[in-house]
Amino acid sequence: IFKFRLTLPPRYNDVDMWPQITFTSYVYSPYVDEKSGELDIKTAYPTWDPSRHYLVTVLTYLKKIFYAKTFTDAKANVEAKTLAETDPEAYRK
């Protein structure tokens, strides 16, 4: 079970006001900053458009990172990305 905190900025319904997901339990993923536990939402949604993007969109993305088999767009944790690409078996441990 992974626990996380969802934080909405005060002006959430404005353009480029991304929600923030921070894991409170440890997650080793190319999409999650190892130090802060923050999910890299801006890579998936470079421009946040409240007329097209919703919280359910972000929660779907959160779920997707656990099933990803390739990490070409991942930027948050380069070490995890490199391990996943070079030694997938070790990464899954």
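**View 1. Tyr 91 is buried, with a relative accessible area of 17%.** Buried denotes under 20% relative accessible area, exposed over 50% and partly exposed in between (1.4 Å probe, protein chains only). This is a predicted model, in which local features need pLDDT of at least 70 and side-chain atom pairs count only at pLDDT 80 or more, while totals for chains, interfaces and linings use all residues. Residues are numbered from 1 along each chain as its sequence is written, and side-chain values use heavy atoms, with hydrogens and water left out.

**View 2. Phe 71 and Tyr 91 form an edge-to-face aromatic pair.** The centres are 5.6 Å apart, with 65° between the planes. Rings of Phe, Tyr and Trp (its six-membered ring) pair if their centres lie within 6.5 Å; planes under 30 degrees apart count as stacked, over 60 as edge-to-face and the rest as tilted. Phe 71 is also buried, at 5% relative accessible area.

**View 3. Tyr 12 and Trp 48 form a tilted aromatic pair.** The distance is 6.2 Å centre to centre, and the planes make an angle of 45°. Tyr 12 has a relative accessible area of 13% and is buried; Trp 48 is buried at 0%.

**View 4. One aromatic cluster comprises Tyr 12, Tyr 28, Tyr 31, Tyr 45, Trp 48, Tyr 61, Phe 71 and Tyr 91.** In the whole structure, the search finds ten aromatic pairs.

**View 5. Lys 42 lies over the face of Trp 18.** The distance from the ring centre is 4.5 Å. A charge sits over a ring if NZ of Lys or CZ of Arg is within 6 Å of the ring centre and within 35 degrees of the ring normal.
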